[in-house]
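Dear colleague,

Please find below the structure that I am handing over to you. My findings follow it.

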Amino acid sequence: MSNTKALPLIEPESDAVAPCCPPLTERPFSAEEAETAARMFKALGDPVRLRLFTAVASHEGGEACVCDISDVGVSQPTVSHHLKKLKEAGLLTSERRGTWVYYRVEPSVLAAMGKLLTIAPVAA
């Protein structure tokens, strides 16, 4: 008789990122769109988070190991906290590979942020 038991499978987190909001000049935001945009801007409103976000976004191959981006002038636990906040805001996704975690900015996030800040042409 064996004492082993099968562990349940854990579904992977959904890394799909939905576009945030329409361009600022298109129409007023709904309450939900405003919440989403505010969460993104709030996450990026911290200088350390903004540095981490741009380090990931500009890293070769479009992803960065936490070991490559953690030199932002704060302790490793603080880096982890800020990366967690960026993930919660939907700005980063991550994947554990062995002992390291790799972060990436989904292209749809950058596209959505660009679209949000695009000025729509004014109809004549």
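I begin with a detail at the start of helix α2, where a side-chain oxygen of Asp46 comes to within 2.8 Å of the backbone nitrogen of Val48. Please bear in mind throughout that this is a predicted model.

Helix α2 comprises the 12 residues 47-58, which at 1.5 Å a residue should span 16 Å; the end C-alpha atoms are 16 Å apart, in agreement with that expectation. Its buried residues are Val48, Arg49, Leu52, Phe53 and Val56. Viewed down the axis of α2, these buried residues fall within an arc of 135°, and therefore they line one face of the helix. The face turned away from this buried side carries the exposed residues Pro47 and Ser58. The partners against which the buried residues of α2 pack are α1 (31-44), β1 (63-65), α3 (66-69), α4 (76-88), β3 (100-104) and α5 (107-116).

Helix α4 may be read in a similar manner. With 13 residues, α4 reaches 18 Å from its first C-alpha to its last, close to the 18 Å expected at 1.5 Å a residue. The buried residues in α4 are Val79, His82, Leu83 and Leu86. Because they cover an arc of only 100° around the axis, they lie on the same side of α4. The elements that cover them include α1, α2, α3 and β3.

The segment that follows α4 also deserves a remark. Ala89 belongs to the loop between α4 and β2 (93-97), and just after α4, Gly90 adopts a positive phi of about 80°. Is Ala89 buried or exposed? Ala89 is buried, since its relative accessible area is 11% and the cut-off for a buried residue is under 20%. Leaving aside residues up to four places away in sequence, Ala89 touches Arg39, Met40 and Ala43. Ala43 stands 46 residues from Ala89 along the chain, yet their C-alpha atoms are separated by 6.5 Å.

Finally, some figures for the chain as a whole. The chain contains 5 helices and 3 strands, and from the N terminus on its elements run α-α-β-α-α-β-β-α. Of its 124 residues, 30% count as buried. Among contacts in the chain with a separation of 6 or more, 58% are made by residues 24 or more positions apart. The accessible surface comes to about 8,500 Å², and 59% of that surface belongs to carbon and sulfur atoms.

With kind regards

Methods:
Residues numbered from 1 in each chain as written. Predicted model: local features only at pLDDT ≥ 70, side-chain atom pairs only at ≥ 80, totals over all residues. Heavy atoms only, no water. Helix = DSSP H or I, 4+ residues; strand = E, 2+ residues; numbered from the N terminus. Expected span 1.5 Å × (residues − 1). Buried < 20%, exposed > 50% of the residue type's maximum accessible area, 1.4 Å probe, protein only. Arc of directions from axis to C-beta. Contact = heavy atoms within 4.5 Å. Polar contact = N/O pair within 3.5 Å; in protein donor to acceptor, adjacent residues only side chain to side chain. Areas by Shrake-Rupley, 256 points an atom, 1.4 Å probe, with all protein chains shown as cover.
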